Amino acid sequence: LAVLPSSASDAAATVLVDSKEPELASPQLRLSGLSANVSLQGNSGCDLIESVLQSYIKDRCGADHEVTCVFGSQDCSADDICNLRKGCGYVVDNPFMKFTGYSCKMTALVPPQGTVSCDIALTPAAIGLIVAAILGCCGCCLGCCCCRRRRSARQDFLTRA
């Protein structure tokens, strides 16, 4: 994703795709009026950036399900995102997590620098799974403690007899 500076009179965000080679086409986003250290949290501009990245990464990485989050920084290539390298990656739609919004932090326009992240929310299915795992671990620990006491009492009884 490249953020290109535009003239001051250009007030709209425009999505451009370099189509010299369709399989290597990379989306470019033209935003106007942004300066250094701009934070686009819960902003339609950030939502647009995330939407473009989601579409591009779904096609580029061959994701089977809908991509719901793409995260990373200017150091990430499409291959890094597809292979979850360098702190970059994507998440497909699943029953355990949903995203409530996106955050974009631009530190420079030329060259484009910044980060894109997703605001995560666990679903009831994920919370239920976590609770079940905790209860299972507690049950195992309790069971081991009880078995050890019984075994110890049985050995004491057998050694006295």
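A disulfide is a pair of cysteine sulfur atoms within 2.5 Å. In general terms, a disulfide is a covalent bond between the sulfur atoms of two cysteines.

**Entry 1: Conventions**

I noted that this is a predicted model, in which local features need pLDDT of at least 70, side-chain atom pairs count only at pLDDT 80 or more, and totals for chains, interfaces and linings use all residues. Residues are numbered from 1 along each chain as its sequence is written, and side-chain values use heavy atoms, with hydrogens and water left out.

**Entry 2: The chain as a whole**

I looked up the secondary structure, where helices (H or I, at least four residues) and strands (E, at least two) are DSSP runs numbered from the N terminus. The protein chain has 3 helices and 8 strands. Their order from the N terminus is β-β-β-β-α-β-α-β-β-β-α.

I then turned to burial, where buried means under 20% relative accessible area, exposed over 50%, and partly exposed in between (1.4 Å probe, protein chains only). Of the 161 residues in the protein chain, 30% count as buried. The protein chain exposes about 10400 Å², and carbon and sulfur atoms supply 58% of this area. Accessible areas come from the Shrake-Rupley method with a 1.4 Å probe; for residues, only the protein chains shown count as cover.

**Entry 3: The disulfides**

How many disulfides does the structure hold? I found 4 disulfides. With bonded cysteines counted along the chain, the disulfides follow the pattern 1-7, 2-5, 3-8, 4-6.

I examined Cys76 and Cys88, which are joined with an S to S distance of 1.8 Å. The torsion about their S-S bond is about -70°, so this disulfide is left-handed. The pair links distant parts of the chain, 12 residues apart: Cys76 is in the loop between β5 and α2, and Cys88 is in the loop between α2 and β6 (89-92). Both Cys76 and Cys88 are buried.

Next I examined Cys61 and Cys82, whose sulfur atoms are 1.7 Å apart in their disulfide. The link of Cys61 and Cys82 is left-handed, with -85° about the S-S bond. I recorded Cys61 and Cys82 as buried.

Is the disulfide of Cys69 and Cys118 left-handed or right-handed? The torsion about its S-S bond is about 95°, so the disulfide is right-handed. Cys69 lies in strand β5 (residues 67-73) and Cys118 in strand β8 (residues 113-122), so the pair ties together parts that are 49 residues apart in sequence. The sulfur atoms of Cys69 and Cys118 are 1.9 Å apart. Cys69 is buried, with a relative accessible area of 2%; Cys118 is also buried, with 16%.

I also checked Cys140, which counts as exposed at 52% relative accessibility.

**Entry 4: Strand β5 and its partners**

I returned to β5, the strand that holds Cys69. It is mostly covered, since 5 of its 7 residues are buried. Two strands pair if DSSP finds at least two bridges between them. β5 and β6 pair in the antiparallel sense over 4 bridges, and Val67 stands opposite Val92 in β6. β5 and β8 also run antiparallel, joined by 2 bridges. Ser73 has Thr115 as its bridge partner in β8.

**Entry 5: Helix α1**

I checked the length of α1: its 18 residues reach 25 Å from the first C-alpha to the last, close to the 26 Å expected at 1.5 Å a residue. The expected span is 1.5 Å times one less than the number of residues in the helix. The buried residues of α1 include Ile49, Leu53, Ile57 and Cys61. Just after α1, Gly62 takes a positive phi of about 70°.

**Entry 6: The nonpolar core**

A nonpolar core is a set of buried Ala, Val, Leu, Ile, Met, Phe, Trp, Tyr and Cys residues joined through side-chain atoms within 4.5 Å. Which members of the largest nonpolar core touch the most other members? Of its 22 residues, they are Ile57, Val70, Ile81, Tyr90 and Phe99. α1, β5, α2, β6, β7 (97-108) and β8 each supply at least two residues of this core. The largest share, 6 residues, comes from α1.

Finally, I looked up the contacts (heavy atoms within 4.5 Å) of Val70. Leaving aside neighbours within four places in sequence, Val70 is in contact with residues including Leu53, Ile57, Ile81, Tyr90 and Cys118.
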